[in-house]
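Let's take a walk through this structure together. Have a look at it first, and then we'll go through some of its helices and loops.

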Amino acid sequence: MLKHRVIPCVLLKDWQLVKSIGFEAFRTIGHPTSTARIYNARNVDELIVLDIDASLAGDEINREIITDIADECFMPLTIGGGINSIEDIYTVLNAGADKIAINSKALENINFIKEASSIFGSQCIVCSIDVKKVDGEYKVFNKSKGTLDIDPLDLAQKYQEYGAGEILLTSVDREGSTLGYDIELIQLFKNKLDIPIILNGGMSEPKDAVDAIENGADAVAAAYIFHFSRFTPDDIKQELMKHDIKVRNISCF
Amino acid sequence: MGNLRSVQKAFEKVGCNAMITNNIDTIKNADKIVLPGVGAFRDGMKHLKELGLIDILNQEVIENKKPFLGICLGMQLIAKKSYEHGETDGLGWIDAEVIKFDFSSQSKKLKIPHVGWNNICYKNENRLFRDIANSSDFYFVHSYHFQSNEDVVTSTTDYGFDFVSSVNKDNIYAIQFHPEKSQVYGLKIIENFINLQSEF
């Protein structure tokens, strides 16, 4: 049967890998190629790299750096940030990525998801949704437009209908916070979608991943825990296994 | 489409000189042949025909018994026939058909495509799996699967039911999953393939 995944999710800015808190206060944490090499050596299930420069400044996709990262990855690689056209998707996939994550462009024009998934297949289209809690209600958040009056679950269901293969669901409030995943948020999504949900934002210890998956996440993504704590993706998977959650075989080679 | 570069660099990673080619002489001179691929069956066969590669593949793999590895669509293409978007004849090296996942008779409807890490269960000992524990996980992305009428199945994988995830017949090896995306075990499979001696 299919396994639950533990996915490092890293941000790219000015050719450096960075870490943010609530999408602000960026800290450089290393060089992208060497980080990809380390995650590959750690035998991770998958890697997500989001290029925030491309998405904020409307810059062109940095093909060179994506190729360098992809050359280090012998596991599936998802690239996001600045995807604005079908041409961009070709560029990223040809550079060696397996999936692309789309955020702003899908908010702007949902038909883009339909077009992209019909050309490339839904398996390589990940729709990324950032969420903020405002006055007790979850709302979709966009880096350049701020909080929008859109319900995240409605949006996710629409993305699914238009051909998305996966949803990357990030709690902006928890992102970089070490407060654990937003369990209330994932509970709202539980059994509401047919496509996998990757929950992101806030993991600070392995038990957080257990909570996320038991409450409806198919996979967990994280950044902070892998960069600033002693825990590795394997530690997370050991904990999941203890709770009878199926993860990829991680016996030493 | 399909990322040929990913497959090539996986071969390079285990120390093999791999060339991406559609040149007949290059194929003739190669020690081993790999047919990777993601995409639709009909397009795949059409491209092989248009590039004039079917005769050379038959000659090198069937007559000269050169070790062959089919990956994903490359596995499906060696079947007699596929039912993807109508009926299309394949290379026909194995008496098999390629059909879509069908969960209509099952209570739990699983998603199509089958995407992600799933484990393979060995059906018999196989040189391609040397030093890899039974039930190891590999990365899959596909909507259609192989159904063999010949006793060539080397592993099955559970996705609603047990489907054929790899086959081997003489010098012909084929796997439904992506070794180039399956981390250490995937690279080990490639290493095992390049270490095969031509003793068929």
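Start with helix H3 (residues 63–72) of chain A, where A:Ile66, A:Ile69, A:Ala70 and A:Glu72 are buried. Buried here means that 20 or more other C-beta atoms lie within 10 Å of the residue's own; 12 or fewer makes it exposed, anything in between is partly exposed, and C-beta atoms are placed from the backbone. Because these residues cover an arc of only 155 degrees around the axis, they sit on the same side of H3(A). The arc is taken from the directions that run from the helix axis to the C-beta atoms.

The cover over the buried residues of H3(A) includes helix H1 (32–41), strand S4 (47–51), strand S5 (77–80) and helix H4 (86–94) of chain A. Helices (H or I, at least four residues) and strands (E, at least two) are DSSP runs, numbered from the N terminus.

A quick word on the model: it is predicted, so local features need pLDDT of at least 70 and side-chain atom pairs count only at pLDDT 80 or more, while totals for chains, interfaces and linings use all residues. Residues are numbered from 1 along each chain as its sequence is written, with chains lettered from A and ligands numbered from 1 in the order in which they are written.

## Helix H4

Which residues of H4(A) are buried? They are A:Asp88, A:Ile89, A:Val92 and A:Leu93. They fall within an arc of 130 degrees seen down the axis of H4(A), so they line one face of the helix. Their cover includes H3, S5, strand S6 (99–102) and helix H6 (111–120) of chain A.

After H4(A) comes A:Gly96, with a positive phi near 120 degrees.

## Two loop residues with positive phi

Most residues other than glycine have a negative phi, and most peptide bonds are trans. A:Asp135 is not a glycine, yet its phi is positive, about 50 degrees. You'll find A:Asp135 in the loop between strand S7 (125–134) and strand S8 (137–142) of chain A. A:Asp135 counts as exposed because it has 5 C-beta neighbours inside 10 Å.

A:Asn191 isn't a glycine either, and its phi is positive at about 60 degrees. Its loop runs between helix H8 (183–189) and strand S11 (197–200) of chain A. With 7 C-beta neighbours inside 10 Å, A:Asn191 counts as exposed.

## A cis bond in chain B

Over in chain B, the peptide bond from B:Ile112 to B:Pro113 is cis, with omega near 5 degrees. B:Pro113 belongs to the loop between strand S5 (94–100) and strand S6 (114–119) of chain B.

Key
Two residues are in contact if their C-beta atoms, placed from the backbone, lie within 7 Å.
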